[in-house]
Amino acid sequence: MLKSIIIASALTVSAPALAQVTQPSAAVPADTQQGATNANPSQATPMAQPPAGTESAPAQTAEAQPATGAQIADVVGTEFPTYDKNGDGSLSATEFSAWMVALKTASDPSTKATAPATKTWVATAFAQADADKNKKVSKGELTTFLSAAG
């Protein structure tokens, strides 16, 4: 589940670029463009349509393709400094919580950081991610944890 959340948040950041689809210009019959009129409307060239069966094909989503360990490591490497507020190279429970709540909120906007269920979920995730039980989560621990989650 966390893997999906990580990918969803990465897609949220890149969605505007991925969502850019060039719209074809309105299909105007060539003879109309030259000033000629088409006396028989049944002979008008129809607007370009996508091939049969493709109009209902959904775009691929993060859930369709699970993230690889390298992709997760890239996201962790990029985002880690944002959440490591004190710059010590590891996440405290508070720093980890901020990141996990942000990821969960990206996939479920109704998530409330103060909700008991969210606090329990974050505490369980932190306990699982903190492999060496030093009350901190390193980049490596987080990458391993997110790679195993799913």
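Visitor: What is the order of the elements from the N terminus on?
Guide: This is a predicted model in which local features need pLDDT of at least 70 and side-chain atom pairs count only at pLDDT 80 or more, while totals for chains, interfaces and linings use all residues. Residues are numbered from 1 along each chain as its sequence is written, and side-chain values use heavy atoms, with hydrogens and water left out. Helices (H or I, at least four residues) and strands (E, at least two) are DSSP runs numbered from the N terminus, and the protein has 6 helices and 2 strands. Their order is α-α-α-β-α-α-β-α.

Visitor: What share of the 150 residues in the protein is buried?
Guide: Buried means under 20% relative accessible area, exposed over 50%, and partly exposed in between, with a 1.4 Å probe and protein chains only. By that criterion, the buried share of the 150 residues is 26%.

Visitor: Where in H3 does the kink lie?
Guide: H3 has 15 residues and spans 20 Å from its first C-alpha to its last, close to the 21 Å expected at 1.5 Å a residue; the expected span is 1.5 Å times one less than the number of residues. The bend at a residue is the angle between axes fitted to the seven residues ending there and the seven starting there. A kink of about 30° is found shortly before proline 81, at glycine 77.

Visitor: Which residues of H4 are buried?
Guide: Helix H4 covers residues 93-107 and reaches 21 Å from its first C-alpha to its last, close to the 21 Å expected. Its buried residues are Glu95, Phe96, Trp99, Met100, Val101, Leu103 and Lys104.

Visitor: Which side chain of opposite charge is nearest to aspartate 84, and how far away is it?
Guide: Aspartate 84 is found in the loop between helix H3 (69-83) and strand S1 (90-91). Lys and Arg count as positive and Asp and Glu as negative, while His and the chain ends are not counted. Aspartate 84 is buried yet has no salt bridge, a salt bridge being a side-chain nitrogen of Lys or Arg within 4 Å of a carboxyl oxygen of Asp or Glu. The nearest side chain of opposite charge is lysine 139, at 7.7 Å.

Visitor: Which backbone nitrogen does the side chain of aspartate 84 reach?
Guide: Contact means heavy atoms within 4.5 Å, and, leaving aside neighbours within four places in sequence, aspartate 84 is in contact with Gly89, Ser90, Leu91 and Glu95. At 3.3 Å, its side chain reaches the backbone nitrogen of aspartate 88.

Visitor: How many residues apart in sequence are the parts tied together by aspartate 88 and lysine 136?
Guide: The structure holds 1 salt bridge. Aspartate 88 forms a salt bridge with lysine 136, with the closest N and O atoms 3.6 Å apart. Aspartate 88 lies in the loop between H3 and S1 and lysine 136 in the loop between helix H5 (116-129) and strand S2 (137-138), so the pair ties together parts whose separation in sequence is 48 residues.

Visitor: Which residues does threonine 143 touch, not counting those up to four places away in sequence?
Guide: Threonine 143 lies in helix H6 (residues 139-148). At 17% relative accessibility, threonine 143 counts as buried. The residues touched by threonine 143 are Gly69, Ile72, Ala73 and Val76.

Terms used:
Polar contact = N/O pair within 3.5 Å; in protein donor to acceptor, adjacent residues only side chain to side chain.
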